Amino acid sequence: MTELLKIENLKVNFRTFEGVTNVLNLESLSVAKGESFGLVGESGAGKTTLAYTILKLLPIPPAFVESGVINFEGENLLKKSEGEMQKIRGKKVSMIFQDPMSTLNPVFTTGQQITRVLQHNQGLHKAQAKKKAVELMNLVKLPDPENILSKYPHELSGGQRQRIIIALAFSCGAQFLIADEPTRNLDVTIQAGVLQLIAELIRETNVTVLFIGNNLELVSLICDRVGILHRGQLVELGSIKEVAKHPAHPYTLTLLRAIPKEKREKIDLTQIALKAEEKLAEKGCRYAGRCLKKEKICLEEEPALKHIGGTHYIACHL
Amino acid sequence: MNETILSVKDLVKYFPVRGGVFTKAQWVKAVDGVNFELEKGRVLGLVGESGCGKTTLVNVLLKLEEPTSGKVFFEGTDLFNTHGQQLRRLRKNIQIVFQDPFWSLNPRWLIRNIIGEPIQVHLKPPLSQLVKMVEDLLELVGLPREAVYQYPHEFSGGQRQRIAIARALALRPKLVVLDEPTSSIDALSQAQILSLLMDLKNKMDLTYILVSHDLRVVHYMADEIAVMYLGKFVEYGDAEAIFQKPAHPYTQALFKSAPSIGAESVNDLFILPGNVPSAINPPSGCRFHTRCPQVMEICSQKEPPLVKIDRDRLAACHLLN
């Protein structure tokens, strides 16, 4: 399998009043062509920052990329100019954003928004674009396309809006799709439908996916491989089966344990009642401050990702 | 048997939708005949899709909305027939934690003022005593005492929710409504908030009404569950019984559409066809019949009553009679 996306030594920092904070520190991460890669972590772990770095949408300042390479089809995206990026965004790499409420422009009809993207990115005429927009509505299984295209976002439900955003993401034949928590804020019944749609479109178009989620269960439905991100670093990496069935890193275990599954008497949530420290430690494992099993070495040395069998890697001294 | 803290009788809340010159005014039937009783010290989980009337029901219970008809009794007193001083005293006992701590805390206020406001309104203590009371509350919810002189933006989502909880508990209420308390924070903070809420419940002898669409949260917290669909309860009863064996087709659909680690692929998820129908003209007969996978002829003609189907619960479905 060939690698479509390859990230090396990526360091992204934010400048704040209190100094520079590192929010992303990835030694290496690659996503093969046709693969669905999931990224899981709590809020503030750097998931969305990674997505924005790939698309060069990061607000600079306060953010800045200290070092690193993001190779997409063998070309370093970080070296591209804004003009070149505009040709890549949407056409080669597209993104489904988190919040369907704020992604669409409230003052234009959904039809205007979709046809505009098609006209701009694919050079279609207005009539062609309209026809294509109707096809896209059918693709995402929205009934009565003409009617939906004439509506403003506020007239549609959350699920319908999210489907339109998915249609936009697939509109220009991108080979790489970043989905940033596409089902957040949706009801479970709606979420199930949207997930099935995404899975089906991925299968049909054979697109490569970076799927960002904050829970492993959801990601495991879509992805082949998953990485667990903690404070900007990958702590565990492996196939869904390996990570979900045999989690090895203490942080992954915590994430899994944090999901309430049963009646309160049966689970002990105090085990995970540890919150992240405000500041990053100078040295050592970034998880050490919250880890229940930490030892002396954890505070002194930063663990590197090491192979523990199959395609499974963890960054932990234990 | 414990004493009943809240009892709701035939509660109805309609919102008017203005008609045009030639059309008649219509009504959105947000809550349409809800009955339940809640015992002291229990946790009631309120489940349903968005638009089913959960929030409206809760707003009526807090007296933020007047009901169209029906009665709500809090410890025997009629909530909507109480005025003046008596109402003020009553309000102290029912508090709410809102869904989104990014919107529910005033960004220009110090934490002291946010948590202290209800105390000031009801107890009017001198400032030094107020500050101490706020500090005690912060400690109760696991925040540092120094936080009194900070602003909301200095806290993370989970910490803000703790502040909102501290405010709700400031007057030592008896009933606390939790409106999706963890839906806007991530899994780890969620676990912490949930365990904090259970701790506080035991410590302060609270009764909760938990509104959530996350079934796992409801399973973790609730003693009894009410499943709502278009303004009505479709299943109501003991939480464990409902989780073990959901009876109503809608409850089953809700449970089967949630992802879990056991599911191998998205195709294992159950998909309920269609959207929630409009609450202005709810479907005839059983309101769920337009989406029900097991629909029968009778369903579109006759509305099933909410009846006892076994020892622990009630359900409204023709299949079960």
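**Close-up 1. B:Leu137 is a buried residue of helix H4 of chain B.** B:Leu137 counts as buried because it has 24 C-beta neighbours inside 10 Å; the cut-off for buried is 20 or more other C-beta atoms within 10 Å of the residue's own, with C-beta atoms placed from the backbone. Its helix, H4, spans residues 127-140 of chain B (helices are DSSP runs of H or I, at least four residues, and strands are runs of E, at least two, numbered from the N terminus). This is a predicted model, in which local features need pLDDT of at least 70 and side-chain atom pairs count only at pLDDT 80 or more, while totals for chains, interfaces and linings use all residues. Residues are numbered from 1 along each chain as its sequence is written, and chains are lettered from A in the order in which they are written.

**Close-up 2. Here are the contacts of B:Leu137.** Leaving aside residues up to four places away in sequence, B:Leu137 touches B:Ile115, B:Ala166, B:Leu169 and B:Ala170 (contact: C-beta atoms, placed from the backbone, within 7 Å). B:Ile115 is 22 residues apart from B:Leu137 along the chain, and 8.3 Å separate their C-alpha atoms.

**Close-up 3. Helix H1 of chain A (residues 47-54) has buried residues.** These are A:Lys47, A:Leu50, A:Ala51, A:Thr53 and A:Ile54. Seen down the helix axis, they fall within an arc of 160°, so they line one face of H1(A); the arc is taken from the directions from the axis to the C-beta atoms. Just after H1(A), A:Lys56 has a positive phi of about 55°.

Note on methods: Buried ≥ 20, exposed ≤ 12 C-beta atoms within 10 Å, placed from the backbone. Contact = placed C-beta atoms within 7 Å.
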